[in-house]
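Me: I'd like to learn how to read a few features off a model. Can we go through them one by one?

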Amino acid sequence: MSLFRKLRDTFRSHRLDGQIDDEFQFHLEQRIAGLMAQGASAEQARREAARLFGNRTSLADSTRDRDILLWLQSVLQDFRFAARNLRRSPTFTAVAILSLAFGIGVNAAIFTLVDGILLEKLQVPDPQRIVQIHGHYPDFENSTFNIPIFRELLRQRDIFAELIAFYANPVLMDLGGEPQHGSAEFVTGGYFRFFRTRPALGRLLDDEDDRSEGAHPVCVLSYDAWQNLFGGDPAVLRRTVRIRGIALQIVGVAPPGFAGAELQSRYDLFVPTSESNDLAGIPWESSNHIYLRILGRLRPSLTRPAA
């Protein structure tokens, strides 16, 4: 803070002048008080004190110039001392410079990550009504659930206007050639409707796709996957993607930039949760597994504490 103030005062001379004037006035008043204590009248004390101190403007100028000069000399000495030490220890100098560069780079990267993950908002209507469901248990807290719990929450129509569940899973995709590693988000039927999303091509998943286990082996491609894996081919709706030997019919393409509920993640496919058993080995109806994250949209008249 002292260095900052010195720099500030050096380039803001009016501020330094004010400080010098205050200091001058303080000493002048002290001298006047001392002369009056010796028996001089107030007027005599002021004249004598002014004579002893001399020209106020000249004194202020010399004081300011001397203060700035001494400070600059001190800074220059410090820089010379630091430069000599750095020249004597080139290894230490290199490590110090690299450490600074690394630290600045890491901080910049972390800020970029936080800005993208934590500060970006979900692109949905009335985001203040969106809540994530957490479970509070005697010994722990949890934010994952299963289909039976999701269905029970769906029955709470007096609380939630809409409710969706989802989870991510890595997949090995067979597109007709060499299998490729990819990522899929398994979602409930109202997922795209929840985000008020329109397809770039074809259609998106709906409640019928997620009504019964294994009945609708379909998928929606992300826009990036459509471009990168299929070259943006508009005839992609006649293609399939095989996962674990199951052929998923491509029924649509999500719009560009759609990130869904997890802004930090990007997926190749969106698949109904009803395909969980066949594609991810997770029994869809089981209450013994917890794997789904749940988002809800509160009813318009309902506050969070009330919910």
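Me: Which side chains meet in a salt bridge at 3.0 Å, N to O?

Reply: First, some ground rules: this is a predicted model, where local features need pLDDT of at least 70, side-chain atom pairs count only at pLDDT 80 or more, and totals for chains, interfaces and linings use all residues. Residues are numbered from 1 along each chain as its sequence is written, and side-chain values use heavy atoms, with hydrogens and water left out. A salt bridge here is a side-chain nitrogen of Lys or Arg within 4 Å of a carboxyl oxygen of Asp or Glu. Your pair is Glu208 and Arg211, with N to O at 3.0 Å. Shared partners also link Glu162, Arg196 and Arg297 into one salt-bridge network.

Me: What about strands: how many residues of β4 are buried?

Reply: Strands are DSSP runs (E, at least two residues), and helices are DSSP runs too (H or I, at least four), both numbered from the N terminus. β4 covers residues 160-173, and ten of its 14 residues are buried, so the strand is mostly covered. β5 is largely enclosed by the rest of the structure, because six of its eight residues are buried.

Me: Which strands pair with β4 in the antiparallel sense?

Reply: Two strands pair if DSSP finds at least two bridges between them. β4 pairs antiparallel with β11 (residues 293-298) over six bridges, and Ala165 stands opposite Ile294 there. β4 also pairs antiparallel with β5 (residues 180-187), over eight bridges. On that side, Tyr167 faces Phe186 and Met173 faces Gln180. β4 and β5 form a hairpin with six residues between them, and Gly176 in the turn has a positive phi of about 105°.

Me: Which strand runs parallel to β5?

Reply: That's β10 (residues 269-272), joined to β5 by four bridges. Glu185 has Phe270 of β10 as its bridge partner.

Me: Last one: which residues form the positive surface patch?

Reply: Patches take residues with over 30% relative accessible area and no salt bridge, joining like charges within 9 Å and nonpolar side chains (Val, Leu, Ile, Met, Phe, Trp, Tyr) within 5 Å. Lys and Arg count as positive, Asp and Glu as negative, with His and the chain ends not counted. Here the positive patch is made by Arg80, Arg84, Arg87 and Arg88. Of these, Arg80 lies in helix α4, residues 56-88.

Methods. Areas by Shrake-Rupley, 256 points an atom, 1.4 Å probe, with all protein chains shown as cover. Charge placed at Lys NZ, Arg CZ, Asp CG, Glu CD. Buried < 20%, exposed > 50% of the residue type's maximum accessible area, 1.4 Å probe, protein only.
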